[in-house]
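Here is a short note to read beside the model. Please keep the structure open while going through the points.

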Amino acid sequence: MSDFAPRVFSGVQPTGNLHLGNYLGAIKKFVALQESQDCIYCVVDLHSITAQLVHDDLKGQIRSITAAFLAAGIDPKRHIVFNQSRVSGHAELAWIFNCVARIGWMNRMTQFKEKAGKDRENASLGLLAYPSLMAADILLYRATHVPVGDDQKQHLELTRDIAIKFNNDFSQKIAAAGLGTEIAMGEETVNGYFPITEPLIEGEATRVMSLKDGSKKMSKSDPSDLSRINLTDDAEQIARKIRKAKTDPDALPSEVKGLEGRAEADNLVGIFAALAETSKAAVLTDFGGRQFSEFKPVLAELAVEKLAPINGEMRRLTDDPGHIDAVLKDGGERAGAIAERTMRDVKEIVGFLQ
């Protein structure tokens, strides 16, 4: 038996315009990880229909997310970039995981409660079960690490629970098929087929908040466009949104502790730190004691410097949908080859005739 080969998997839903929070919380990290890891990056289009079944232009949204991946610097030749629905193993493994997961696990998912709201009985079954599909997305490639924001940690914990239960329930069958890796579970050792995936959470501004309300996460669905910086915004729009961002009347503190209770100030300092690839403490060393009227123009200049090249490249790529489609097709074929091996093994372990 051998250890699991290190592999990173992550995905982004093709719903609405990508914004600064998506870039700092996910895509920027994707680009950095590809220098040291074997990476698979997915446009998770099956997830996009859980809350909204009918979309005006889902194909366009899929291409837009792919364009953002490429414009930010992800290399689709060295790594894999594809859209989820091209590989049937995602849905196939998700069904098996629906039978592994427990209803109580799903009912505890905070995001389901938030998205379903008070009308839970009218929510789709897909919305309730989509953490099981997320687990399948990750484990179909036997990924060992996933870059996640704070709001996704619970779903990754569910992925780990599913992997643990599958490995425990099928330990003897995994061993008999010669497909296992020994995994220590407390004082016991089981024959595991799936790795117990670890989260990758690092850097400043892992959770970027609304520019209009520092208590709310920056969101594609916020009715106010001033609440977010879209990756498609031009330099003038970026500067205007930062200029209009909500703040308080006090000067910036000199230490990070001084940001406590000041959600909007903390958010803007965190954004600056993430864009500049430094720490909040370092930002406050430079700007402590200064007013937002001095800080915002510098932040706007930095944001334009970092985001304008991505914006321009996204526009160029979007004007060439054939190239994007070719990238997704190639990535889907390479992802499909890995997924096919996994599903063949899983069917053998579960006991299906093939």
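The numbered points below cover basis, aromatic pairs, salt bridges, a surface patch and one annotation.

1. Basis. This is a predicted model, in which local features need pLDDT of at least 70, side-chain atom pairs count only at pLDDT 80 or more, and totals for chains, interfaces and linings use all residues. Residues are numbered from 1 along each chain as its sequence is written, and side-chain values use heavy atoms, with hydrogens and water left out.

2. Aromatic pairs. The structure holds 13 aromatic pairs, counted when ring centres of Phe, Tyr or Trp (its six-membered ring) lie within 6.5 Å; planes under 30 degrees apart are stacked, over 60 edge-to-face and the rest tilted. Phe166 and Phe170 make a tilted pair because their planes meet at 40°, with centres 4.8 Å apart. Both residues are buried (under 20% relative accessible area; exposed is over 50% and partly exposed in between, with a 1.4 Å probe and protein chains only). Phe166 and Phe170 also belong to a cluster linked by ring pairs, together with Phe97, Tyr193 and Phe194.

3. A second pair. Phe272 and Phe287 are edge-to-face, at 5.4 Å centre to centre and 65° between the planes. Phe272 is in helix α10 (residues 263-276) and Phe287 in helix α11 (residues 280-287), so this pair ties together parts 15 residues apart in sequence. Helices are DSSP runs of H or I with at least four residues, strands are E runs of at least two, and both are numbered from the N terminus.

4. Salt bridges. A search of the whole structure finds 19, each a side-chain nitrogen of Lys or Arg within 4 Å of a carboxyl oxygen of Asp or Glu. Arg78 pairs with Glu35, with the closest N and O atoms 3.7 Å apart. Arg78 lies in the loop between α2 and β3 (80-83) and Glu35 in the loop between α1 (20-33) and β2, so the bridge ties together parts 43 residues apart in sequence. Arg78 is partly exposed at 44%, while Glu35 is exposed at 56%.

5. Arg160 and Glu157 form a salt bridge at 3.8 Å, N to O. The two are 3 residues apart in helix α7 (residues 153-169), so about one helical turn separates them.

6. Annotation. Residues 14-22 carry the UniProt annotation "short sequence motif: 'HIGH' region", from an unreviewed entry; positions use the numbering here, feature names are shortened, and annotations may be inferred rather than shown by experiment. In the model this span is 33% helix and 0% strand, with its end C-alpha atoms 12 Å apart.
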